[in-house]
Amino acid sequence: MSTDSMYRLLVTIAVILGSIIYGFFINSLARRITARVQNRMGPPLKQPFIDVIKLYSKRTFVTHGIMQTLGPILMLTGIISTLILIPYGKGYLTLYSSNGDLITILYIMTFGQLAMALAVGQAGNPYGTIGVARGLTRMFGYELPLILALISLIALNHSADVNVIIANQHGGIANWNAFRHPFVGITALLAMLGMMSYQPFDNASAPAEVASGPITEFGGKFMAIMMTTNAMFVVAKLALLVDLFFGGASNIFILALKIFLLYLYPLFVGLVFPRFAMEDTFLFFWKWPTLIGFIGLAIAIF
Amino acid sequence: MDDLKRPTLDSDFTCDMAFNKITKWAQKNSLWLLAYGTGCGAIELSPTMTSRYDWSRLGIRGSATPRQADLLLITGYLSTKTLKRVIRSYEQMQDPKYVIGFGSCTINGGMYYDSYNTIKQLDLYIPVDVYINGCMPRPEAVLSGLAYLKDKIGDKKADGWIKYKQNFEWYRENQKKILKSFNGDNMPDKYNW
Ligand code: SF4
């Protein structure tokens, strides 16, 4: 192995571990902020770390079959593959993003969720099945505007390479895709609300409705893997959106700041709006975001 | 009660390695409780979890399913019909797990001492780690009970789940005396499934 690829590997491992820690960190900040909005103290900042250590230290390991055991692990695989295809900065921090473009990332992103759906199917809990059905319906909803926004981006940049899209946004805030192409930006930001599965669109894991949805039957170590995966996934999704619409980042600190600011947006929307019903969720995404997305696409092409 | 074997703790439960210290610390500072109110006492949980007393600052939060929960709160009287669900939920929880008996009803029957359809003494059916007395206990009492449970976990004395596993037949027999439907095939004779 040459020193170059060795460095790349080391940086990749650092980014994977860092994304776990940063994902937990912004999660706990979000919990603090939610608590403050509700006039509470909120849990200490280290709470997600305590939770995940506790879950890993659970003694029992109940599984209903091989697919349930494999599901969370496949999900972890899917998320790590997504994570290493996204650039986090310059030089080695682009990781392996030159090996796949936007379409690969979109494709791999859904892999984890599909593995999860299979695992839930084997666990045989009716709440889990309802949760998966709801989750996939929501995905079906928000993916249309999201894909419209991304196709417009590809058409505007004549390339599906994330690094090229970042490079084309150089030279100040006015050049960021979210501001230079407002229709595309608005579409993506609306689709992102569904992607982050925060409050108005948290119907898949709605706690008071369907127990906790897909994860109903997963406790202990499974749950720990899922929490870890979620932390990574949040960072991956936000980093991708920052790269595509908010000018990327020249170093990891600016990226972390941008990720955090972007994370606040679905959080605050979620604090204001109560949960949508399933059909309203679907209608919402296929109405305004899709319309704006088509306008953006038309402008991009003609 | 006398024929109950004393729990013998397995070695890595008492072992003092650094790793165990970390897990104990995590287990004590992160308690997810099963949102399952059995009796009237559950009404006191709402102020305990919302802005006024806010138990989330102590690392406590509700969880929707027994699989993810560490702590089962029996909030008051327990009718025989509910007992069956409680046992099923308790057995589905993952070790280590803890039970808090909440209110006088779980200790000696409370004001339902002569009722025909509630159980009188909870720890004949599932092991109880901490009792919070009162009818009903105020949120301050609930928080102090939870703090006491945390101390017990830290001192490795919250061993109800080991007791339950080791005296499983004894507990099952008691349960079967009350729940006639447990005698058939309705209840798996396994401990955790
Ligand atoms: S102890 Fe009192 S408040 Fe609690 S369940 Fe019994 S009667 Fe109700």
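Me: Why is Ser28(A) called buried?
Reply: Ser28(A) has a relative accessible area of 1%, and buried means under 20% (exposed is over 50%, partly exposed in between; 1.4 Å probe, protein chains only), so Ser28(A) counts as buried. A word on the source: this is a predicted model, in which local features need pLDDT of at least 70 and side-chain atom pairs pLDDT 80 or more, while totals for chains, interfaces and linings use all residues. Residues are numbered from 1 along each chain as written, chains are lettered from A and ligands numbered from 1 in written order, and side-chain values use heavy atoms, without hydrogens and water.

Me: Where does Ser28(A) sit, and what does Ser28(A) touch beyond its neighbours within four places in sequence?
Reply: Ser28(A) belongs to helix 1 of chain A, residues 3-37 (helices are DSSP runs of H or I, at least four residues, and strands runs of E, at least two, numbered from the N terminus). Its contacts (heavy atoms within 4.5 Å) beyond those neighbours are Leu45(A) and Pro48(A).

Me: What makes the pair of Ser28(A) and Leu45(A) a polar contact?
Reply: A polar atom of the Ser28(A) side chain is 3.0 Å from the backbone oxygen of Leu45(A). The limit is 3.5 Å between N or O atoms; within protein, one must be able to donate a hydrogen and the other to accept it, and residues adjacent in sequence count only if both atoms are side-chain atoms.

Me: How do you know that Asp54(B) and Arg40(A) form a salt bridge?
Reply: Their closest N and O atoms are 3.2 Å apart, and the rule asks for a side-chain nitrogen of Lys or Arg within 4 Å of a carboxyl oxygen of Asp or Glu, so the pair qualifies. Between chain A and chain B the count is four salt bridges.

Me: Which element gives the most to the side of chain A that touches chain B?
Reply: That is helix 2 of chain A, with six residues. In total, 33 residues of chain A are in contact with 31 residues of chain B.

Me: How many residues around the ligand are nonpolar, polar and charged?
Reply: The shell has seven nonpolar, four polar and no charged residues. Nonpolar covers Ala, Val, Leu, Ile, Met, Phe, Trp, Tyr, Cys and Pro; charged covers Asp, Glu, Lys and Arg; the others, Gly among them, are polar. Residues in the shell (a heavy atom within 4 Å) include Cys40(B), Tyr77(B) and Ser104(B).

Me: What does the side chain of Asn108(B) reach?
Reply: The backbone nitrogen of Gly110(B), at 3.0 Å. Asn108(B) is in helix 5 of chain B, residues 104-108.
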